[in-house]
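Have the model open in your viewer and follow along, one stop at a time.

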Amino acid sequence: MALEEAALAPAHGDVPIGAVVVVDGEVVARRHNERERQGDPTAHAELLAIRDAAATGADGWRLTGATVVVTVEPCPMCAGALLAARVARVVFGAPDPKAGACGSLYNLCVDPRLHHEVAVTAGVRAAEAAALLDEFFTGLRRPD
């Protein structure tokens, strides 16, 4: 589902990243990047999905027990949001060596100095997520 969401983003000029929030085996939110569409630098797939999930949650803003599945390793802003929302687990596809905050560049989700830790599972369907990114950025570099 996260890959399906990611594939929607290029239609409005956004980088193909998708996120899904699962609570008790049920999908409660799914979104894709909308920075260009909304003109908002914080409109990352993870943040949008977390906001939607929190709005439907019985525990208010706390997403205790939730798993967030995202196609690309979360950046520091998104990793911070995972921590703030008390998400239990993040599963991601492609690593982000330039901005990844779940193991590549930083490791915010499992820093014991912070108030909460998020379990991290990396590399799930990474090749498919990376292919979406490659296709998008190759398309941007093509001369018209």
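Valine 90 sits in strand β4, residues 89–94, a strand being a DSSP run of E with at least two residues, numbered from the N terminus. This is a predicted model, where local features need pLDDT of at least 70, side-chain atom pairs count only at pLDDT 80 or more, and totals for chains, interfaces and linings use all residues. Residues are numbered from 1 along each chain as its sequence is written, and side-chain values use heavy atoms, with hydrogens and water left out.

With 0% relative accessibility, valine 90 counts as buried (under 20% relative accessible area; exposed is over 50%, partly exposed in between, with a 1.4 Å probe and protein chains only). Beyond its neighbours within four places in sequence, valine 90 is in contact with residues including Val68, Leu82, Cys102 and Val120, where contact means heavy atoms within 4.5 Å.

Now turn to helix α5, residues 126–141, which gives six residues to the lining of the largest pocket, the most of any contributor. Among the lining residues nearest that pocket's centre are Val15, Asp96 and Leu133.

Lastly, look for the one aromatic pair in the structure. The ring centres of phenylalanine 136 and phenylalanine 137 are 5.1 Å apart and their planes stand at 80°, so the pair is edge-to-face (centres within 6.5 Å, planes over 60 degrees apart; under 30 is stacked and the rest tilted). Phenylalanine 136 counts as buried at 13% relative accessibility, while phenylalanine 137 is partly exposed at 30%.

Methods. Rings of Phe, Tyr and Trp (its six-membered ring) pair if their centres lie within 6.5 Å; planes under 30 degrees apart count as stacked, over 60 as edge-to-face and the rest as tilted. Helices (H or I, at least four residues) and strands (E, at least two) are DSSP runs, numbered from the N terminus. On a 1 Å grid over the protein atoms alone, a cavity is a set of points where a 1.4 Å probe fits but cannot get out, and a pocket is an open set with protein on both sides within 12 Å along at least five of seven lines; lining residues have an atom within 4 Å of a point.
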